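Dear colleague,

Please find below the structure that I am handing over to you. My notes on it follow directly after.

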Amino acid sequence: MPADITSQTNAYSNSEIRKGINGSANTAFACALISAIVFFVAYLSQVSSIAAGTPWTFSGEWVPRLGVQLDFRVDGLSLLFGLLISGIGILVFLYSYGYFKVHKGHARLQWLLLSFMLAMLGLVSSDNIILLFIFWELTTITSFLLVGFDHENTQARRSALQALLVTGGGGLALLVGLIMLGQASGSYLLSEIIASGSAVTEHEHYPVILTLILLGAFTKSAQFPFHFWLPNAMAAPSPVSAYLHSATMVKAGIYLMMRLQSSLGGTEEWFYALSIAGGITAVWSSMMALRQTDLKLMLAWTTVMALGTITMFLASNLQIAALAAVTFLIVHAFYKCALFLAIGNVDKSTGTRDFNKLGSLVRFMPITALGAVLAALSMAGFPPFLGFIGKELIYEGTLTIADQPWIIVAAAVAANAMMVGIALTFIFRVFLGGESTITREPKEVYAVMWVGPVVLAIAGLLTGLLPGQITEYVIQPAVSSVMAASAEVKLSLWHGINGPLILSIITVAVGIMLFFSLSIVSRMINNLVEKLPVVGDSAYEFLLNRTQFVASKLTNRLQTGSLSHYLTIVFMAFVVSVAVTLLYHPVSMDFDRLTPVTPFIAIVVFLMISAALVLTFSNTRLLAICALGVVGSGVAVLFLVFGAIDVAITQLMVETLFVVLIATVLIKLPRFPDQTDPAKTRGLRDAVIAIAAGVVMAIITLGVSLTPLDLTVTHFFEENSLAQAYGRNIVNVILVDFRALDTLGEVAVVATAALAVIALLKVRVHAQGPR
Amino acid sequence: MNSLIFSTISRLLVGLMLLFSVFLLWRGHNEPGGGFIGGLVAAAGIIVYGLAEGPGMMRKLLRIAPQTLVLIGLLTSVVSGLLPLLQDSSFLTGMWLFIGATETEKGLGLGTPLIFDIGVYLVVVGGVSGMVIALEEEL
């Protein structure tokens, strides 16, 4: 009976909790969806005016003193990205609603996705490069949180950290690069930098600027040798992978390269950096894609391949290359996002993503299968899909730009043939044919989950059939932005029988061969990969481990926990740094300027020196403390003699309290250790350090007192203390009024130190257990 | 420390020192003194009392936990700096009120710097006596 009651209460509270979760998740979902729709519609409404050459701008104040304004400027390139981000955003938010319906993290996911979308839209719309960088970092942070969404999973946490360290590290380089770019070109506004043409390439720091900015772009867009984080980031849930790691965020680096191509491109450095990194990335990752059995990882590697291909094209500053890059970017966003979402559906429905276990899914999930097959056809580059046009452009581009066309053409054909092989695997091994070995019967997913793949796949088909609209309103303006000159482009499915078409036919033939010999090819690639030296992930692991190793060694060396060790370091650092400075800037010693020493001062100083000697040779702590107190009080008396009454009182009080505090502690400690202690062997060294510190300090003090004072500040305080702050005690007026912010900082330090001491004493006792 | 003489004198002393500390705090704007010095004097008085009577009595004398006193002090200083924002001045600008001011007499000036200084005073009193209490209790 009691057990029943418990279970009933549990059921009740669970449903209560569920209601609460759904409530907040619904709010988050509604906010995300509405924002995405609003942005999408807003971008659509600007399409024709931007196509006509009028950018959509917005400007606001933010940190005027640092020259950071909220300058937004949406031109053709920004519009293309904006439409992709907000449009795919709508589908991904809908999809996530179904995917996470009963997940306790649903609300968190929707908020994070929304934050990401806003950051990404900001990134592609910023005209100010500092603003761009801030949004850039925001996408890095939201990506970190989204990759680590399943934070109870070690692998997810590791991948999230890796994505953060790699892209965050690149971000730091980018920041320096952008600042140098701003300095070199004389403006922090992208529009002005671009308007100044290729002036930056003439600048003496151009190689440094280029390296730093490309480091940022390459890490973000997963270019070799930083490509490894992206497949690992597949630890994220499917909608996140689809949105961030295929359609949008990883294209931020591409966006930056497109944006700056007209300013930084056109040089040999640019050409070789991009074509080599992009080329290696494309070929390597398409090989890696073929050896995967996990469909999602396969897609991840093909994403890396696509990014490599686009980077390779951006190496050239010809219009055909820009056109190929822009078109392929759109093609890729459509089919890759659709496939990621479809694989998410398969995973949700069957519990596996291993294509060896899946087959003939069209019987169970017909609508998902429709979307996936259409998307895969576009990926393979079959007519009449947009993918076909994209691939034709790639071939046309490679035939045009390369000095040694056949090497690059061969690489492009190989990479594309592998795409065909993978697309055919998706179609015939997973959705239309193949044997399923899973035990449970898969069901079609909710409508919100299939609408994404289907819409995107149909978009790929329609834009392929009727390329006129998208060319005029999206592709042409974007290409114009990349070229920084108005471009005239036309796309069509049929170009007649020419080089690209023949290459396409070869590609399809090789692709079909690859499809039939997939297991042999993947075994060959596996054998090859095992023989190759370590790259990417292992290098990251090695660096991370070494950094932690060195850091812990260094910390153990410096943070010994011994007070005398700390003091040794502090005083040695003081002596060395000041002594070196004094060697280069000697202090002139004009002793005639010194005021005469009165007998009273001589007596005080004599007392202080005696006390210091007593302190040094004392055998008990109490004597040492009292002697120290005498020295401090002597200083207070000297302050008094020279008229600094406030300072003198403070010094005296601090000295008194110090003696009391230390006495409280030391009374409870044992006597000084015996002189046979190792401390004695340190005696000589300590004496040297102490005398050196004393001599250096004396030189500085003499130097300061012999330097003629600039009395401007003194006069200001003397004149204004009473007039403006109504106080005759200048010291106090400075403390509480003129420089009150400094005092506030100091008081905060006192407070923090006191709280820390109290907390440390408590912790120490608790660690030892109750007395 | 069980000494009747010290204990008796410390009680007398703590009152005098606290009074003197407030005097120093008050006159600080025009004569030597101020929140920092006042706070140190008050803390010294409280510590003398604590040495004679033990940390428990120090806590009783303070009435509220020293950590709380520190935070109240910090808050007081920050709030005194925020007040001028109400009349569109920048953070920590002095705001003054002259009580009984006439054509010739300035009157009694009360300003946010005084509130700021009271905050400093509280932080110093709470911080120093808190450290001594913790040392006495935990060691």
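Helices (H or I, at least four residues) and strands (E, at least two) are taken as DSSP runs, numbered from the N terminus. This is a predicted model, in which local features need pLDDT of at least 70 and side-chain atom pairs count only at pLDDT 80 or more, while totals for chains, interfaces and linings use all residues. Residues are numbered from 1 along each chain as its sequence is written, chains are lettered from A in the order in which they are written, and side-chain values use heavy atoms, without hydrogens and water.

In chain B, residues 5–129 are 68% helix and 6% strand, and the end C-alpha atoms of this stretch are 23 Å apart.

I turn next to the aromatic residues. Rings of Phe, Tyr and Trp (its six-membered ring) pair if their centres lie within 6.5 Å, with planes under 30 degrees apart called stacked, over 60 edge-to-face and the rest tilted. Over all chains there are 20 such pairs. One of them joins F100(A) and F149(A) edge-to-face, at 5.4 Å centre to centre and 75 degrees between the planes. Because F100(A) lies in the loop between helix 2 (76–99) and helix 3 (106–125) and F149(A) in the loop between helix 4 (129–147) and helix 5 (154–185) of chain A, the pair ties together parts 49 residues apart in sequence. Ring pairs also link Y95(A) and Y99(A) with F100(A) and F149(A) into a cluster.

The charged end of K348(A) sits over the ring of Y99(A), 4.3 Å from its centre (NZ of Lys or CZ of Arg within 6 Å of the ring centre and within 35 degrees of the ring normal).

With kind regards
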